[in-house]
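Let's take a walk through this structure together. Have the sequence and the 3D view handy, and follow along one piece at a time.

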Amino acid sequence: MTAASAAYPRKVQIAPDSAGSPGTYADCDLNTKLDWDSSADMVDTTDLNSAGLHKRTPVLLDNKVTLELNKDTSSTPFGTLRSGMLARTQVWLKIYETASTGCYFPAYVESIKSSYDPKDVSKASVSLVGTGTAPVSF
Amino acid sequence: MASAQVAYKAKLSASGTSTAMTAQACAQVGVTKTWQISNSSKRVLDPSVARTWKDGGSAIAAANIQSEDLLFGTVTFISSFTPGGAVTVDANYLPITALASVKSMTLEQTVDMPDATLLNSSGYKARIPTLMDAKGDLQMLSDFQDDIDPSGTTTTLYGLLTSRTPLLLELDEKGTGVEVFRAWVLIGDEKVAFDPKDLTQGSLSWQATDRGSPVIAAASGWGAP
């Protein structure tokens, strides 16, 4: 079994959409936290004359990602995220699970929440949702 | 390389009293069909007052105007129209004044994502982005009774809430005047706390609003001020 690994070397890259394919990826610098939720909707298909346990069938798959960032509006990846939201177009996420492998997929920017506290740096929480395209491993 | 922005430099401003202007000069944006009001302090236009865009002093027909951006003072002409003379505008602008006593704030921009998953599909949920929205809140050292437009008509944040009057908010995240976020907002809630051990504390929440017909002004946007 693979040993547990530190999270700090992980990274995510952001690219604009280019005719349905990823444009140029840029490291999402200032990214302080990434949460990636891959899910499968579960339909209860328990039937009569069963063993008395719930039975389920997975149906639709989905991906949701939340990025917590220290904000720099001149940062290329943040600009890509904001432009994608304002244009209602998909952006591409490339998540590195190791130094050289991971997966990439398109996503819509659902919200950008920014906060400004004079005791702190400006921060943003960006939530993205899947578009219906399966992630591709690399 | 990007670097974190200190939040204490962020500046929040609000619109003041609508002020008439005539023959305000505009400059072409690059080699586009868009002209922008040259004076940056007069670019926020009052959507409740009709604008007259002029070419060499003569009014430009509405059919030649593709769009206007009243938050950043621009007009875009249709592809077949090119002004022959100086472009100017008669309109009302809204002066922008910094809001004092803002302790902290949040801004949330969202896009609705209704489900568009179909049969005979990939098995992944599909979505189509639709309505955009913006909302936020402010924490202030204020009871919202201060005049936020001292050089114009007396205006308080409390008065704007009770009169249900929209306000133009401008956020300059870096405080550099290079890029700002502007939004027409309605104040939905104000709370004030008085504690003898503390300063007067106020918290306010707002939601963006489209300004509606017959004059449609975009609810919010980013741009160079």
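**A guided tour**

Start with strand β14 (residues 201-208) of chain B: its covered face carries G202(B), L204(B), W206(B) and A208(B), while Q201(B), S203(B), S205(B) and Q207(B) sit on the uncovered one. Before going further, note that this is a predicted model, in which local features need pLDDT of at least 70, side-chain atom pairs count only at pLDDT 80 or more, and totals for chains, interfaces and linings use all residues. Residues are numbered from 1 along each chain as its sequence is written, chains are lettered from A and ligands numbered from 1 in the order in which they are written, and side-chain values use heavy atoms, with hydrogens and water left out. As for the word "strand", helices (H or I, at least four residues) and strands (E, at least two) are DSSP runs, numbered from the N terminus.

Who are the partners of β14(B)? Strand β11 (residues 132-140) of chain B runs antiparallel to β14(B), and six bridges join them; two strands pair if DSSP finds at least two bridges between them. One spot to look at is L138(B), whose bridge partner in β14(B) is L204(B). Strand β13 (residues 180-193) of chain B also pairs with β14(B), again in the antiparallel sense, over eight bridges. Here L186(B) has Q207(B) as its bridge partner.

Staying in chain B, you'll find an open sheet of seven strands in the order β5-β4-β8-β2-β3-β7-β6, with antiparallel pairing. At its edges are β5 (58-59) and β6 (65-69) of chain B, each pairing on one side only. Inside that order, strand β2 (residues 19-28) of chain B and strand β3 (residues 34-37) of chain B are joined antiparallel by three bridges, and Q28(B) stands opposite W35(B) in β3(B).

D90(B) has a relative accessible area of 17%, so it counts as buried; buried means under 20% relative accessible area, exposed over 50%, and partly exposed in between (1.4 Å probe, protein chains only). Elsewhere, K197(B) forms a salt bridge with D195(B), their closest N and O atoms being 3.2 Å apart. K197(B) is exposed because its relative accessibility is 74%, and D195(B) is partly exposed at 34%.

Now hop over to chain A and find strand β6 (residues 91-96). Six of its six residues are buried, so the strand is largely enclosed by the rest of the structure. V91(A), L93(A) and I95(A) point one way from β6(A), and W92(A), K94(A) and Y96(A) point the other way. Strand β1 (residues 11-18) of chain A runs antiparallel to β6(A) and is joined to it by six bridges, with K11(A) partnering Y96(A). β6(A) also forms a hairpin with β7(A), with five residues between them. In that pairing, W92(A) stands opposite P106(A).

Strand β7 (residues 102-116) of chain A pairs antiparallel with β10(B) over six bridges, and I112(A) has Q109(B) as its bridge partner. The contact (heavy atoms within 4.5 Å) takes 34 residues from chain B and 41 residues from chain A. Together the chains bury about 3300 Å², 55% of it on carbon and sulfur atoms; this is the accessible area (1.4 Å probe) that two parts lose on being put together, summed over both. Y124(B), K125(B) and R127(B) supply 20% of the area that chain B buries against chain A, more than any other three residues.

How many salt bridges cross this interface? The rule finds five. One of them joins D41(A) and K125(B) at 3.2 Å, N to O, running from strand β4 (residues 31-44) of chain A to the loop between β10 and β11 of chain B. D41(A) is partly exposed at 29%, whereas K125(B) is buried at 17%. Another links K174(B) with D72(A), where the closest N and O atoms are 3.2 Å apart.

Terms used:
A salt bridge is a side-chain nitrogen of Lys or Arg within 4 Å of a carboxyl oxygen of Asp or Glu.
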